Amino acid sequence: MAEQIQPIRGMNDILPTEIGAWQYLEREVRELVTAYGYEEMRVPIVEQTALFKRSIGEFTDVVGKEMYSFESQGGESLTLRPEATAGMVRGVISNRMLRGQRHKLWCVGPMFRYETPQAGRYRQFHQLDLEAVGYAGPDVDAELIALTARLWRNLGIQRVRLQINSLGSSESRKAYRELLVSYFRGYESRLDADSRRRLEGNPLRILDSKNPEMQELVAGAPLLTDHLDQESREHFDALCAMLRDIGVPYEVNPRLVRGLDYYSRTVFEWINESSGAQNAVCSGGRYDGLIAQLGGEPTPAIGFAMGMERVVALLMQAGQVPAATKADVFIVLNGERATSMGLGLVERLRNELPRRRFEINLGGGNFKTQFRRADRSAAPLALIVGDDELARGVVGMKPLRQETGQTECPIERLAQGIEAALASLGCA
Ligand code: HAM
């Protein structure tokens, strides 16, 4: 046998056995975001590398070491998108959608990061991404968070909790950054290699360190929330008041800094309480400076992205995925005439009952084999199309999950007969 080609590490196939959960999630999400007035927008998976460098930031882990970048045949540096915000914002600017207008947009699709794969962390993963462009908040911040809280409720997911923080304006963050650098410089010999590297490019990220030996130093660092500018403080207080009013419980985590550079003011994360390191299921924040930074007219905006793999895992754990019914009706064929007429018959039934799922026995097989296939199809009803029955102008009908016997239905009233039989089996 020829040597098999292996899949790429960290990139998963989503199998038919798992797709039910994905489709359920996608259905729920689409319905909910539409109800909140978000419109779908689809942007390319590949963008110019410069877009991500300028938006996410050169010193972030994502741009520094996780991008899938390559040179195109034409010599351009291109990158598989590691997240959706940069492309969505680029799309809004390139399509001249701003001009003082506001947009609530969403997209879903694969993202690519060259991370070390482990449970919940992949190199190709999927995000649901929402962006509210042209909204200064804090009302839209609260509405976005309310939407996510409702999604967990609708999906029956309970073990997630909300953390929020404010990163202040870019000016107040600059001042805080200096304070932080001088604090950590005082303990330079105790910094691990990662933190030492971050001290130059991205000192706020040291606060996010997962290294237990760094925790004491981090705990003693000055808090961003104590150094917010007046407007950001008011914005944050108003957001907290609205969340209390809506009834969404939250925790203020003053060390929540996020790993991408474009944020200002509100940031938030939904954390899965039961998982280990890869515990953020949904995260985002405000990026009031990004649109101008990418050449658009200055426009405030906020958004978030949800890791679909992580939410699917939560759905599975909670046993919240509705069982997939593969077929409504399985058609068993018996005899030569029946076999040659079977497909024509089922195509006519598909015309008459377009919402019903029919599976016809394909590839022959005796009665026993065919009933075994019928059983595996999970269909509640079998039709038996046999030469004898056809000669009498009828088709046999047999419930597969109940001990009721076989009946017959005239071919010319077969569609009505099937509907009636399915209704009596509880499949209206
Ligand atoms: P992020 O925190 O980098 O933010 O990613 C958002 C979510 O994507 C995470 O909370 C997590 O659930 C999921 N995720 C990230 N990396 C992986 C991975 N390697 N494997 C599986 N899931 C992953 C952003 O991407 C921002 N663009 C969010 C945003 C939108 N901010 C404003 N608008």
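The legends below describe close-up views of a predicted model.

Local features are given only at pLDDT of at least 70 and side-chain atom pairs only at pLDDT 80 or more, whereas totals for chains, interfaces and linings use all residues. Residues are numbered from 1 along each chain as its sequence is written, and side-chain values use heavy atoms, with hydrogens and water left out.

**View 1. The largest nonpolar core has 48 residues.** A nonpolar core is a set of buried Ala, Val, Leu, Ile, Met, Phe, Trp, Tyr and Cys residues joined through side-chain atoms within 4.5 Å. Buried means under 20% relative accessible area, exposed means over 50%, and partly exposed lies in between (1.4 Å probe, protein chains only). F184 and L207 touch the most other members of this core. Among the elements that each supply at least two residues are helix 2 (49-56), strand 5 (103-112), strand 6 (124-133) and helix 6 (170-185). Helices (H or I, at least four residues) and strands (E, at least two) are DSSP runs, numbered from the N terminus. A second, separate core has 45 residues, including L32, L147, L239 and V248.

**View 2. F184 has contacts beyond its neighbours in sequence.** Contact means heavy atoms within 4.5 Å. With neighbours within four places in sequence left aside, F184 is in contact with L191, L199, I206, L207, L217 and A221.

**View 3. Three strands form an open sheet in the order 2-4-3.** The pairing is antiparallel; two strands pair if DSSP finds at least two bridges between them. In general, strands of a sheet pair through backbone hydrogen bonds. Strand 2 (46-48) and strand 3 (68-71) are the edge strands, each pairing on one side only. Strand 4 (residues 77-80) is joined to strand 2 by three bridges, and L80 is the bridge partner of V46. From one strand to the next, the twist averages 35 degrees. Helix 2 packs on the sheet and touches strand 2, strand 3 and strand 4. The direction of helix 2 makes about 75 degrees with that of strand 2. For such angles, axes are lines fitted to C-alpha atoms, for helices over the stretch in contact, and angles run from 0 to 180 degrees between N-to-C directions.

**View 4. The ligand is surrounded by 27 residues.** A residue is near a molecule or strand if one of its heavy atoms lies within 4 Å of it. The closest residues are E83, T85, E115, Y263 and S283. A polar side-chain atom of R258 lies 2.9 Å from an oxygen atom of the ligand. An N or O atom in the side chain of Y262 is 3.0 Å from a ligand nitrogen atom. At A280, a polar backbone atom is 2.8 Å from an oxygen atom of the ligand.

**View 5. S232 is a buried residue of helix 9 (residues 230-246).** The relative accessible area of S232 is 0%. A polar contact of 3.0 Å joins the side chains of S232 and R265. A polar contact is a pair of N or O atoms within 3.5 Å; within protein, one must be able to donate a hydrogen and the other to accept it, and residues adjacent in sequence count only if both atoms are side-chain atoms.

**View 6. R96 and R99 lie in the loop between helix 4 and strand 5.** Most residues other than glycine have a negative phi. R96 has a positive phi of about 50 degrees, and R99 has a positive phi of about 40 degrees. R96 is exposed, with a relative accessible area of 58%; R99 is exposed too, at 59%.
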